[in-house]
Amino acid sequence: MPARLQNSEATSDTRIRYLVRSTVDPLAQDGPNVVFNLSGSPKKISPIYVYDKRGTDLFERQCATPEYYLRRVESQLLSWYAGDIVELCGFLPIVELGAGTSEKTRILLAEYAERGTRCDYFPIDVDTETLWNSAQELVSAFPFLFVYCLGTTYHKGLRALPPYPGARLFMFLGSSLGNMEWQEIGDLLSELFDSGRRGDYFLLGADLDKDPAIIDRAYNDSAGYGPRSTLNMLEHLNRRYGGNFVTDNFRYRSKYDSRMRRNEVRIESLVDQTVTLTALGITVSFGAAELIDAEVMWKFDPEELGSVLDRAGFSMVHRWIEPIYRYGLFLLRHK
Ligand SMILES: C[S@@+](CC[C@H](N)C(=O)[O-])C[C@H]1O[C@@H](n2cnc3c(N)ncnc32)[C@H](O)[C@@H]1O
């Protein structure tokens with residue numbers, strides 16, 4: 001085990017450690033960005049505010065709805081091909097970006113259970129509460145697992161990774177890459193490249209362009225978890241910055257732009273109103289029908305995605321594409 005891991009902060013369970021402490025609030029320095037984004041035109045709230053504990057709970061419920069094919073299809077692909085993935089990569093330590101509840105990672109870990117005696121797992125996630133809870137569940141379920149939690153942003157988490165003697169498997173599932181703007185995608189891939197080294201693997205789950213009706217249904221589930229998860233951003237801002245957003249005065253809007261190949265989620269102000277975020281010292285006015293940019297979900301073209309990844313330094317080892325819902329798992333190798 002690398003020396004830096006042995007020095008990390010021990011917790012009650014000896015197989016869980018924090019490499020970035022849970023007590024450091026990952027969004028502690030983000031206030032100025034919130035002010036900047038709410039002062040622009042159009043106004044914007046960063047999607048990072050979707051995921052506090054409540055937001056993750058709502059997202060998990062959305063994932064369980066019949067309309068939200070992404071979780072179901074990606075799990076299916078992993079169940080079918082986990083054996084092939086481990087065959088191709090070997091039994092490697094895992095670094096996972098935006099691990100969340102690590103639900104799908106369990107499918108791969110179940111495959112690992114047959115093949116080795118110790119696996120180091122480095123989940124990175126801003127939702128530190130979910131990160132910690134799932135670490136505990138994972139070590140109970142997998143006796144060979146050692147979890148090193150990085151409760152922080154993708155970039156800071158990648159930078160805080162300890163040097164590792166051999167190859168690692170980096171994973172980024174849930175099509176979370178598609179929740180960024182192209183500039184951010186480029187920055188993250190470059191950070192990922194710099195954090196790894198030749199021979200590392202990268203398993204990426206990415207949603208693909210398809211019949212817009214399937215996409216529309218996924219983001220407008222009849223149980224309303226998608227809309228509630230997005231509107232929770234306002235409540236998250238209230239909790240964090242002493243705000244007085246009234247959620248009922250806003251509405252969720254989701255629309256797939258097939259020309260751009262991206263789903264766009266916005267929050268619409270239903271009335272003329274002002275909102276104060278006391279801790280940030282700002283009062284913001286919203287007009288009736290004004291739209292706030294909230295989330296984007298790119299639906300990739302697999303060839304274009306392959307080229308972007310190739311230019312970022314990752315060569316394609318194999319890809320598995322589910323033909324009906326068109327969702328892809330891409331296994332890449334650090335060049
Ligand atoms: C769409 S969910 C995917 C969760 C899980 N990987 C899955 O596939 O179901 C995105 C996860 O990434 C985390 N996240 C979002 N933005 C992040 C960021 N900038 N840095 C670190 N974690 C982030 C969220 O807290 C959430 O758990």
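**Strand pairing and helix packing**

Q: What makes S8 and strand S9 (residues 262-269) a pair?
A: DSSP must find at least two bridges between two strands for them to pair; S8 and S9 have eight, in the antiparallel sense, so they qualify. Arg253 stands opposite Arg266 in S9. Strands here are DSSP runs of E (at least two residues) and helices are runs of H or I (at least four), numbered from the N terminus. This is a predicted model, in which local features need pLDDT of at least 70 and side-chain atom pairs count only at pLDDT 80 or more, while totals for chains, interfaces and linings use all residues. Residues are numbered from 1 along each chain as its sequence is written.

Q: Which are the edge strands, and what makes them so?
A: The open, antiparallel sheet has the order S8-S9-S12. Strand S8 (250-257) and strand S12 (291-298) each pair on one side only, and these are the edge strands.

Q: What makes Leu131 and Leu138 of H6 buried?
A: A buried residue has 20 or more other C-beta atoms within 10 Å of its own (exposed: 12 or fewer; partly exposed: in between), with C-beta atoms placed from the backbone. Among those in H6 that qualify are Leu131, Ala135 and Leu138. Directions from the helix axis to the C-beta atoms define an arc; for the buried residues of H6 it is within 145°, so they line one face.
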